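Hi,

Here is the structure I promised to pass on. Have a look at it first, and my notes on the contacts and cavities follow below.

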Amino acid sequence: MAISNKLINSQTNKEKTGNDKTINNSKAVAIVGTDAVSEAMRQINPDVVAAYPITPQTAIVESFSQLVADGLVKTHMVTVESEHSAMSAAIGASAAGSRVMTCTSSQGLAYMWELLYIASGLRLPIVMPNVNRALSAPINIHCDHSDSMGARDAGWIQIFSENAQEAYDNTLQAIRIAENPDILLPVMVLLDGFIISHAIERVEIIDNDIVSKFVGDFNPPYSLLDSQNPVSVGTFDSLYGYFFEFKRQQEEAMLNAFKVIKDVGKEFGEISGRHYGLFESVGIEDAEFAIIATGSAAGTIRHLVEDMRSRGIPIGMIKLRVYRPFPAKELAEALSGLKAVAVFDRSDTFAGNMGGPIFIELRSSLYDLQQRPLAINYIYGLGGRDLSIELIEKALGELIDAARSGQVKQTVNYLGLRE
Amino acid sequence: MTANLTKQKTSTKLKDLVKKPQILTGGHRLCAGCGAPIAVRQMLLGVPDNVKLVVANPTGCLEVSTTIYPYTSWNTSYIHCAFENAAATLSGVETAYKSLKEQGKIKEDYRFIAFGGDGGTYDIGLQSLSGALERGHRLIYVCYNNEAYMNTGIQRSGATPMGSWTTTSPHGNSSSGKKENRKDLTAIAAAHNIPYVAQASISHWKDLVRKAQKAFAADGPVFINVLSPCHRGWRFPMENTVEIARLAVQSCAWPLFEVENGKWKLTTKVPKKIPVGEYLKHQGRFAHLFKEENKDVLALLQENVDAEWEKLLQLCGEAE
Amino acid sequence: MSWDIKGIQQWGWKKHPAGAVIKDPGNSRSFKTGGWRTFRPVRDEEKCSQCLICFVYCPDSAILIKNEKVVGIDYDFCKGCGICAAECPLDAIQMVDESKLNK
């Protein structure tokens, strides 16, 4: 059944959704994560979507194709012959001044790799949900973060989602972030394959007109179709060498993104009751030790952390939402004074016992602190390996031991690996 | 209903064509005597009046020489993305145009044209090209074909003829140059059943401009394969670029034809076919074929050209 | 849009247009390639029949046209390849050694 029909049958939401006021402009539906994303895409109503199917993202392309077929969006869809061409067409369409989206997973994202750099280098605000899935080999269709982590230096803003609601919310916010004149960078919205993409959850869909107003119109910085101002895009930096200067501009845009992401998150809170920042803290102010996690695992971990806190254990948690740009300064401030932190990574770097990417970057962020917390890394869930409560409890036990003894037994740990 | 491209009446008289705006300006840094800008200039003489244009390039000689930041030689909108994706990139531009035009945000009529070398077209860009042709975008893809990777320094491509020396198909005691025949990309494009496919040569400018005019009139994808000799890679004096292309046509090594709405037609007849050796002997890349030990290769090349020519005549209904 | 690139080699990173996008179409006309030439094409006006063949084969858009006639060669851009001289059906263009012209 098309999602739009589900919406018509759903109840108007009148409950108290935020911590500050009653929001009366949304409808709650029970949908899978891919439909939450395609629903956001329907409301964004982009000029162009170029996409190619890949498990577990496929359902987004399918739902959106139906929306196009039903005339519910103005979007022209390019059903390309590969992810490489999906991103190429997205780049062309964005350079032509249109609002463009695509979506992918895993091998598809890897196949786009060179073009990710081109999209950011050309400063094109393309928005792309990526349904996180392991990279081959061996081929595996389940969730881990190795695909998007492989693109972490590609100059894209990367925002993780904890659940279907956040996937929907982040997709809407991503448009505003990408197209901000101080940023003009592509944005990847990340949601865990199957765990989020294929699980049915309660999702609040904001009313169309409110979303339209929030998203607004796209004012491209340049366009191939501006007949009064023809442009040459994708020029060659050759004999003189200005490449370095352009890369510095990209870094500046990333620096600007910290504020813009927070501003957009705040504004989104005003229409939805759900406020967003760079990361979310649970009890970090009075914690002695903390867990840092991202994606769907944060939900499980939060549940456990809150339970422990109710039993008087001084634990806190940070759910990392924005991975690019990496909020190093804010994280260091939040974690300053803690005795130990455990960082959960759903991908490895194969760097020789350096740990996962979040761990490496978080540990580097803590370096300048006068009193650094001890840092332990847990690599978990590769290729969709389940992260059970027992495994998290095992890690928490080790974290507490480290905090009390002042010593880390083993820095990089594989959680749930069959030894 | 498909448009009859032959019926449209546009002048191919040079007196009229010189009035056209110069879309590729001087100040580009392609080699002196390069065939590529000749192909581009002749193609762009076919741009209808009162339309706007977006040009795309894959990575290649033309791209790196015409858009050296902070200079551009393109007097129109231009995009380069990567090596293997000019067709996909341009299909995105064309789709944005359709979307924005439908929404009333763009008033002008636009045309879209890509110029790619044979490396970016026959080889690494073939998938992207095939996808764009199959999807039916209204865009023109022109291969300026110099039969090897010239931008990286003369390496063999899928367009390099058998027997040719390149830096990755050198001749030596165990080799007489490239072992394999080139692929027939024009026929591959035609197999997509698109409105217009043609093979052209910079030497036959009138034929090329006529094909360009048809290309811009076609309401769907177009592929044109233009022989554009590279004197650096083919090893001949730079002033002979056009003449070498002419010999390719006269020897039937590069026949000129078109496939309009599925109908194959020879556009330049060759009443006096010259031996292929007369075309090859002026080029250093084939010099080794004129040694005694390689005469079999030369003979095989002639056989191949004859067979291909016969096949083409059959397709065009010209066989005796 | 005219774009002033004076002193660009010394520009700081903030001054460059984002994405290296050039908004001044055809501005390579301010980059002269005439200095590449070793031989210069010289037209014999009397021999020229105004067939315009040189125009259609010039790789450097360097054949100057006015009122549908060739009026000269743009030596700012002509790289001296000699295609015009080779293709001229009436031999109305001669390639002359630049070094001898300068003497």
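Let me start with chain C and chain A: their contact (heavy atoms within 4.5 Å) takes 17 residues from chain C and 18 residues from chain A. Before going further, some housekeeping: this is a predicted model, where local features need pLDDT of at least 70, side-chain atom pairs count only at pLDDT 80 or more, and totals for chains, interfaces and linings use all residues. Residues are numbered from 1 along each chain as its sequence is written, chains are lettered from A and ligands numbered from 1 in the order in which they are written, and side-chain values use heavy atoms, with hydrogens and water left out.

**Chain C against chain A**

The size of an interface is often given as the accessible area lost when the parts come together. Here, chain C and chain A bury about 1500 Å² between them (accessible area with a 1.4 Å probe that the two parts lose on being put together, summed over both), and carbon and sulfur atoms carry 65% of that. The side of chain C that touches chain A has 11 nonpolar, 4 polar and 2 charged residues. In this scheme Ala, Val, Leu, Ile, Met, Phe, Trp, Tyr, Cys and Pro are nonpolar, Asp, Glu, Lys and Arg are charged, and the others, Gly among them, are polar.

How many salt bridges does the rule find across this interface? The count is 0 for chain C and chain A, a salt bridge being a side-chain nitrogen of Lys or Arg within 4 Å of a carboxyl oxygen of Asp or Glu. There are 5 residue pairs in polar contact between the two chains, both residues at pLDDT 80 or more. A polar contact is a pair of N or O atoms within 3.5 Å; within protein, one must be able to donate a hydrogen and the other to accept it, and residues adjacent in sequence count only if both atoms are side-chain atoms.

**Chain C against chain B**

This contact takes 38 residues from chain C and 40 residues from chain B. The area buried between them is about 3300 Å², with 62% from carbon and sulfur atoms. F55(C), V56(C) and Y57(C) supply 19% of what chain C buries against chain B, more than any other three residues.

The rule finds 2 salt bridges across this interface, including one between the side chains of E68(C) and K19(B) at 3.7 Å, N to O. Polar contacts between chain C and chain B come to 19 residue pairs, again with both at pLDDT 80 or more. On the chain C side, α1 (53-57) and α2 (83-87) each supply at least two of the residues that touch chain B; helices here are DSSP runs (H or I, at least four residues), numbered from the N terminus. The largest share of that side, 4 residues, comes from α1(C). By class, the side has 22 nonpolar, 10 polar and 6 charged residues.

**Cavities**

A search of the whole structure turned up 4 cavities of 30 Å³ or more. A cavity is a set of points, on a 1 Å grid over the protein atoms alone, where a 1.4 Å probe fits but cannot get out, and its lining residues have an atom within 4 Å of a point. Points are joined across faces, edges and corners, and the volume is the space filled by probe spheres set on them.

- The largest cavity has a volume of about 120 Å³. Of its 16 lining residues, C48(C), S49(C), C51(C), C88(C) and A92(C) lie nearest its centre.
- The second largest cavity has a volume of about 80 Å³. Of its 15 lining residues, P41(C), C58(C), C78(C), C81(C) and C84(C) lie nearest its centre.

Cheers

Methods
On a 1 Å grid over the protein atoms alone, a cavity is a set of points where a 1.4 Å probe fits but cannot get out, and a pocket is an open set with protein on both sides within 12 Å along at least five of seven lines; lining residues have an atom within 4 Å of a point.
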